[in-house]
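Subject: Structure for your files

Hello,

Here is the structure I said I would pass on. My notes follow it.

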Amino acid sequence: MRVLVVEDEEDLAEALRFGLVRADYATDIAFDLAEASQKLYATSYDLMVLDLNLPDGDGTDLCSAIRRGELAGETGADLRILMLTARDRLADRVRGLDEGADDYLVKPFAFPELLARVRALLRRDSGGASAVWTVGELTLDTARHEAYRGDRRLNLSPKEFSVLRYLMSRPGEVVSSEDLLEHVWDENADPFTNTVRVTLGTLRRKLGDRDGERLIETVVRQGYRLMEQPAESAS
């Protein structure tokens, strides 16, 4: 999952990125509304952590513009927005939620709580209310960062875990390499490398083929699909 942090305090922004990356979220930073708008035009983010007091305006205005559909691409109704601000008045919290925020966290905050709120917001994409996701034989504990196929624990790298988490949020759907690159890697990723294919290859090996069957199916010229039941391997 890919996160945009909109925060003008550089030390805090970098600390948030560091913590989110350690939790296996691809994370970019914008330091003001103009930069945030540019990145939202260019990239389909899953979640935005949004400060309200920014050098060039009020973050609430950006939230409102997103919900009105004034930004290009897929950004809009599907983007989860977590407002992170020092404004602690009831009226500010009510306004933020009314303008389209999904959650509101007041500074100072504990990072484990922010991370739990991020997990809760992103679980909406999986259609579940639990930190533990299940698709067929696969189980993913997003809080403990553990993955299992049946009773066997999978020793996944952070990037493999992130790819599996994204695929499990869309079981049965075809997900393109471009979509994976946009949602699992950050803005520093080279779109011309074969990093997606290589990561899918190592993930498949760790999931373990069974009698020529795979849980991740290749759909020729379209992408990849996570199956609830193993499909015969075509590639």
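Just after α3, Gly-69 has a positive phi of about 80 degrees. Helices here are DSSP runs of H or I with at least four residues, strands are runs of E with at least two, and both are numbered from the N terminus. This is a predicted model, in which local features need pLDDT of at least 70 and side-chain atom pairs count only at pLDDT 80 or more, while totals for chains, interfaces and linings use all residues. Residues are numbered from 1 along each chain as its sequence is written, and side-chain values use heavy atoms, with hydrogens and water left out.

Helix α3 (residues 59–67) is largely enclosed by the rest of the structure, because 7 of its 9 residues are buried. Buried means under 20% relative accessible area, exposed over 50%, and partly exposed in between (1.4 Å probe, protein chains only). The buried residues of α3 are Gly-59, Thr-60, Leu-62, Cys-63, Ser-64, Ala-65 and Ile-66. They pack against α2 (33–42), β3 (47–50), β4 (53–54), β5 (57–58), β6 (80–85) and α4 (90–98), where contact means heavy atoms within 4.5 Å. At the start of α3, a side-chain oxygen of Asp-58 comes to within 2.8 Å of the backbone nitrogen of Thr-60.

**Helix α1**

In α1, Leu-12, Ala-13, Leu-16, Gly-19 and Leu-20 are buried. Viewed down the axis of α1, these buried residues fall within an arc of 135 degrees, so they line one face of the helix; the arc is taken from the directions from the helix axis to the C-beta atoms. On the other side of α1, the exposed residues are Glu-10, Asp-11, Phe-18 and Arg-22. Asp-24, which follows α1, has a positive phi near 75 degrees.

**Cores**

The largest nonpolar core has 46 residues, of which Tyr-25 and Leu-180 touch the most other members. Such a core is a set of buried Ala, Val, Leu, Ile, Met, Phe, Trp, Tyr and Cys residues joined through side-chain atoms within 4.5 Å. Helix α6 (residues 158–168) supplies the largest share of this core, 6 residues. Apart from this core lies another, of 19 residues, including Val-6, Ala-30, Leu-50 and Leu-79. Leaving aside neighbours within four places in sequence, Tyr-25 is in contact with Met-1, Val-3, Leu-20, Leu-115, Val-118, Arg-119, Leu-122 and Arg-165.

Regards

Methods. A polar contact is a pair of N or O atoms within 3.5 Å; within protein, one must be able to donate a hydrogen and the other to accept it, and residues adjacent in sequence count only if both atoms are side-chain atoms.
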